[in-house]
Amino acid sequence: MNLRKATKLKIINIRIASSHIEIDLNVDNNDYVYIIENLGFKVMDTVKIDLEEDEKYNEEYAIKRYIELFNEERFWEAHEVLERVWRKNRDEGIQGLIILAAAFVKIQENNPEAFKRLIIRARELIMKNQIPYINKEKLLRKMDNALLLTKPFKIEREDLGSIQKA
């Protein structure tokens, strides 16, 4: 079935994770929920990508949210929460984390070659720079394993570093 033609939705992209499907839509109202549910899908979560600043939005909040989203295989959203921080500070360690999430987006889009290119680039940036709140050595080992297996991993509690930026 061609989802775009069948629904007339403005579908930007579709990604398949291990436990869910993500559909990026360009919408003007909430009619899309009715349309998608009529196809037999259950809408579990909707996220509005909003670039407006928020008082609580800081690097620590963004990293914590990144980890939550990353562990739920919501890699596109994980990428987006750090993008806002990176635009402010241009930190290359943060950029490495953004590219890491983008690499896993490519797995969900069934593009293993792009995944490999991106995870190698993310590894280079993370290796050369400090990254806040996450143990860099443990993360690099997980990234090496993911590169071999072409599979996502989780950032576990034992992978977290100090709350202070190293």
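The model is a predicted one: local features need pLDDT of at least 70, side-chain atom pairs count only at pLDDT 80 or more, and totals for chains, interfaces and linings use all residues. Residues are numbered from 1 along each chain as its sequence is written, and side-chain values use heavy atoms, with hydrogens and water left out.

**The overall layout**

- The chain has seven helices and two strands, where helices (H or I, at least four residues) and strands (E, at least two) are DSSP runs numbered from the N terminus.
- Of the 166 residues in the chain, 40% are buried; buried means under 20% relative accessible area, exposed over 50%, and partly exposed in between (1.4 Å probe, protein chains only).
- Take the contacts with a separation of 6 or more: 57% of them join residues 24 or more positions apart. A contact here means heavy atoms within 4.5 Å.

**The core**

- The largest nonpolar core has 35 residues, and Tyr-66 and Leu-100 touch the most other members. Such a core is a set of buried Ala, Val, Leu, Ile, Met, Phe, Trp, Tyr and Cys residues joined through side-chain atoms within 4.5 Å.
- At least two core residues each come from helix 3 (59-71), helix 4 (75-89), helix 5 (92-108), helix 6 (112-128) and helix 7 (136-149).
- Helix 5 gives the largest share, nine residues.
- Leaving aside residues up to four places away in sequence, Leu-100 touches Tyr-66, Phe-70, Ile-119, Ala-122, Leu-139, Met-143 and Phe-153.

**Helix 5 with helix 6**

- The axes are lines fitted to C-alpha atoms, for helices over the stretch in contact, and angles run from 0 to 180 degrees between N-to-C directions.
- The crossing of helix 5 and helix 6 is left-handed, meaning that the near helix is turned anticlockwise from the far one by less than a right angle.
- By class, the contact of helix 5 with helix 6 has 14 nonpolar, three polar and three charged residues. Ala, Val, Leu, Ile, Met, Phe, Trp, Tyr, Cys and Pro count as nonpolar, Asp, Glu, Lys and Arg as charged, and the others, Gly among them, as polar.

**Helix 3 and its partners**

- Helix 3 and helix 5 have axes that come within 12 Å and cross at roughly 20°, so helix 3 and helix 5 are roughly parallel to each other.
- On the helix 3 side this contact uses Glu-59, Ile-63, Tyr-66 and Phe-70, and on the helix 5 side Ile-94, Leu-97, Leu-100, Ala-101 and Phe-104.
- With helix 4, helix 3 packs at an angle of about 160°, the axes being 8 Å apart. That makes helix 3 roughly antiparallel to helix 4.
- The crossing of helix 3 and helix 4 is left-handed, and the residues of their contact divide into 10 nonpolar, one polar and three charged.

**A closer look at Glu-68**

- Glu-68 is found in helix 3 and is partly exposed, with a relative accessible area of 43%.
- In sequence, Glu-68 and Lys-154 are 86 residues apart, but in space they are 9.3 Å apart, C-alpha to C-alpha.

Terms used
Angles under 35 degrees count as roughly parallel, over 145 as roughly antiparallel, 65 to 115 as roughly perpendicular and the rest as oblique.
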